[in-house]
Amino acid sequence: MKVTKVCCQSCGADLDVDESIRLVTCNFCGARLEIVHDETTTHSRLLQELGEKTDRMAGEIKVLRLQNELEQLEREWQSAREGLMITGKNGNRSVPSVAGSLFAGGMMIVVGIIAMTALSNISQSGFTVLVPLIIIGIGVASMIHGTSKASRYETAEADFTKRRNEKLRQLEEAKREA
Ligand SMILES: [Zn+2]
């Protein structure tokens with residue numbers, strides 16, 4: 001067993017340590033020390049510093065984890081968003097809006113009313129009001145359907161924004177700590 005002298009980094013006391021030993025507790029102050037064998041010298045290092053290094057690494061890992069979670073959240077929203085969007089006449093996808101569906105449904109109702117008025121001037125039979133009534137019915141249904149789609153989109157978007165902001169806040173906090 002080869003004994004070497006090291007100086008305690010905490011209290012400065014000289015300690016006799018076995019060269020094969022990596023960790024030692026100072027007899028005088030009780031500090032936990034790591035024995036570092038360099039090419040030229042042997043010295044001690046306080047384990048507390050090691051702890052700080054480990055904390056810093058844990059902090060960096062936390063930042064990476066949060067960045068991954070944030071990207072995951074954004075990918076999930078992109079695919080959920082795709083399913084919540086509506087397809088227009090020329091095939092392009094767009095975000096459903098309350099105003100847009102009220103306008104489209106309203107237009108159909110207006111067309112139905114105009115048709116009903118025109119047709120009832122020509123003939124008084126019940127059949128002539130049937131087609132305009134169907135048009136008005138479809139207008140009302142598309143208003144209801146459209147606004148509910150729009151509100152589902154808005155709810156999902158608000159939920160995503162809230163979760164994203166929370167994740168961003170956690171990330172900022174982790175970056176400050178790291
Ligand atoms: Zn000591």
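A residue is termed buried if 20 or more other C-beta atoms lie within 10 Å of its own, exposed if 12 or fewer, and partly exposed in between, with C-beta atoms placed from the backbone. The structure is a predicted model, in which local features need pLDDT of at least 70 and side-chain atom pairs count only at pLDDT 80 or more, whereas totals for chains, interfaces and linings use all residues. Numbering starts from 1 along each chain as its sequence is written.

An automatic or database assignment divides the chain into domain 1 (3-40) and domain 2 (76-177). The centres of domain 1 and domain 2, taken over C-alpha atoms, are separated by 74 Å.

The unreviewed UniProt entry places the feature "transmembrane region" at residues 98-119 and 125-144; such annotations may be inferred rather than shown by experiment. Residues 98-119 are 100% helix and 0% strand, with end C-alpha atoms 31 Å apart. For residues 125-144, the end C-alpha atoms lie 30 Å apart and the span is 90% helix and 0% strand.

Helices are DSSP runs (H or I, at least four residues) numbered from the N terminus. The axes of H2 (residues 98-122) and H3 (residues 127-177) come within 8 Å and cross at roughly 175 degrees. H2 and H3 are therefore roughly antiparallel (angles over 145 degrees). Their contact comprises 19 nonpolar, 10 polar and no charged residues; Ala, Val, Leu, Ile, Met, Phe, Trp, Tyr, Cys and Pro count as nonpolar, Asp, Glu, Lys and Arg as charged, and the others, Gly among them, as polar. Buried positions in H3 are Pro 132, Ile 136, Gly 139, Gly 146, Ala 150 and Tyr 153.

Notes: Helix = DSSP H or I, 4+ residues; strand = E, 2+ residues; numbered from the N terminus. Axes fitted to C-alpha atoms, helices over the stretch in contact; angles between N-to-C directions. Parallel < 35°, antiparallel > 145°, perpendicular 65-115°, else oblique.
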